[in-house]
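Please consult the sequence and structure shown below while reading.

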Amino acid sequence: MQFKTIIEPFRIKTVEPIRFTTREQRAAALEAAHLNLFRLKAEDVIIDLLTDSGTGAMSAAQWAGMMQGDESYAGARSFFRFESAVRDVTGYRHIIPTHQGRAAERILFASACRAGDIVPNNTHFDTTRANLEAVGVTALDLRCPEATQPSLVAPFKGNIDLVALERCLTEHKGRVPFAMITITNNSGGGQPVSLANIHGASALCKAHGVPLILDACRFAENAWFIKQREPGQGNRTPAAIAREAFDCADGCTMSAKKDGLVNIGGFLALNNDALAAKCRNNLILTEGFPTYGGLAGYDLEALAVGIKEVLDEDYLRYRIRSVAYLGDKLTAAGVPIVQPPGGHAIYIDAKALLPHIPPAEFPAWALSLALYLEGGVRSVEIGSVMFGRQPDGTERPAAMELVRLAFPRRVYTQSHVDYLAEVILHVHGLRDRLRGVRLTEAPEQLRHFTAKFAPIGGRLLVD
């Protein structure tokens, strides 16, 4: 007999207590944090969905592996176990460890790019864009047409626009050091990229002599979506699908804090010998020796186990379904979200939910504050605070105003998700009372991490 309930494919061995706060305590915490959820103390958060990066729970096998960590400065055996595991999954020749994904980005961009270059992507995420712009490169987003229609149900809304990619490669010949595809497409609602689209981008890049680099931090989740949704892929394993995607590219950056199932770590993987040598030399300047890359030996051991565990079909089935479970509840209640639900997160469409708040007053930021105030839920804005400021200092509204609820891996249970749904539906009922916010202080780059805000008219919720 086939049962419909998909249970967590693990047992809980260690628990961490949650501190429950009152609404009055959360209001005081918001004021002290200048209305920026990044500035909150984690202990003041009940359900923390700020990010899925490095916030997951590690397995017993990973903890056991950590006890074997070799902390030698150079040539540690932990590095070689890590290198073997990553090469087995990706197939790339050169495996360069880093402390997290943005370090891999910085090293690659500093080694391969020059001011005035253009790097196309399906959608650059915040640190990717910032690291490119820091070296004078234009980060060009080439979303597929359906990507900016949150309510549209389509299987692969994360795809790169192949027509636009070919135009970019043709019109900017000599200025594109490489193209990128982010799997899954985080800024685009956690939407997957099809294998056919990756093959198409690969063929275009090869025809123009331009390398293709994957931002592969959620490669396993992307592979699962391909298995479920792409014709002809249903009988293949996620590992085989992922390997084919990697084979289409010339390398990848990876924040292993996502689909590496670790709390810290990442890597840069390449096939080009000369570029890899340049990147290793660049890595030594800031990260450490190339066989540890800013990581402890025990971190390398945990990553070597996690990058294999993440491809387990029982885990992936549970992971994707647990996110869809919340999506189904919200959709049934009329809460507008990016459809279909993404792999690692639910994205609430704040533009549709709060049409009375203009982009200049940051509706998604205001919504994220209300979720915390009312229920202690921490999320993150992906809208005009994160992406509105342009390299020349001007402001332009983001294509979408989203609130991302990113699920840590192997951390929360169904009862947590049921509570989360209650909080969102409660805030949905207060939507007409919500007001926007204004910036009072912000840095030039990645302002969402540290900016300060004040409510428009002095209050976030009006009577």
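In which crossing, left-handed or right-handed, does α4 pass α10? The model examined here is a predicted one, and in it α4 passes α10 in a right-handed crossing.

## Packing of α4 and α10

Helix α4 comprises residues 101-112, and helix α10 comprises residues 273-286. The axes of the two helices lie 9 Å apart, and the helices pack at an angle of about 125°.

## Residues at the contact

On the side of α4, the contact is made by R106, I107, L108, A110, S111 and A112. On the side of α10, the residues involved are L275, K278, C279, N282, L283 and T286. Classified by residue type, the contact of α4 with α10 has seven nonpolar residues, together with three polar and two charged ones.

## Overall architecture

The protein contains 16 helices and 14 strands. Its radius of gyration is 21 Å, close to the 23 Å that the globule rule gives for 463 residues, so the protein is as compact as a globular protein of that length. The C-alpha trace spans about 65 × 55 × 45 Å along its principal axes.

Of the 463 residues of the protein, 57% count as buried. Among contacts with a separation of 6 or more, 73% are accounted for by residues 24 or more positions apart.

Conventions. Residues numbered from 1 in each chain as written. Predicted model: local features only at pLDDT ≥ 70, side-chain atom pairs only at ≥ 80, totals over all residues. Heavy atoms only, no water. Axes fitted to C-alpha atoms, helices over the stretch in contact; angles between N-to-C directions. Helix = DSSP H or I, 4+ residues; strand = E, 2+ residues; numbered from the N terminus. Left-handed = near helix turned anticlockwise from the far one by under 90°. Contact = heavy atoms within 4.5 Å. Nonpolar A, V, L, I, M, F, W, Y, C, P; charged D, E, K, R; others polar. Rg over C-alpha atoms; globule rule 2.2 N^0.38 Å. Buried < 20%, exposed > 50% of the residue type's maximum accessible area, 1.4 Å probe, protein only.
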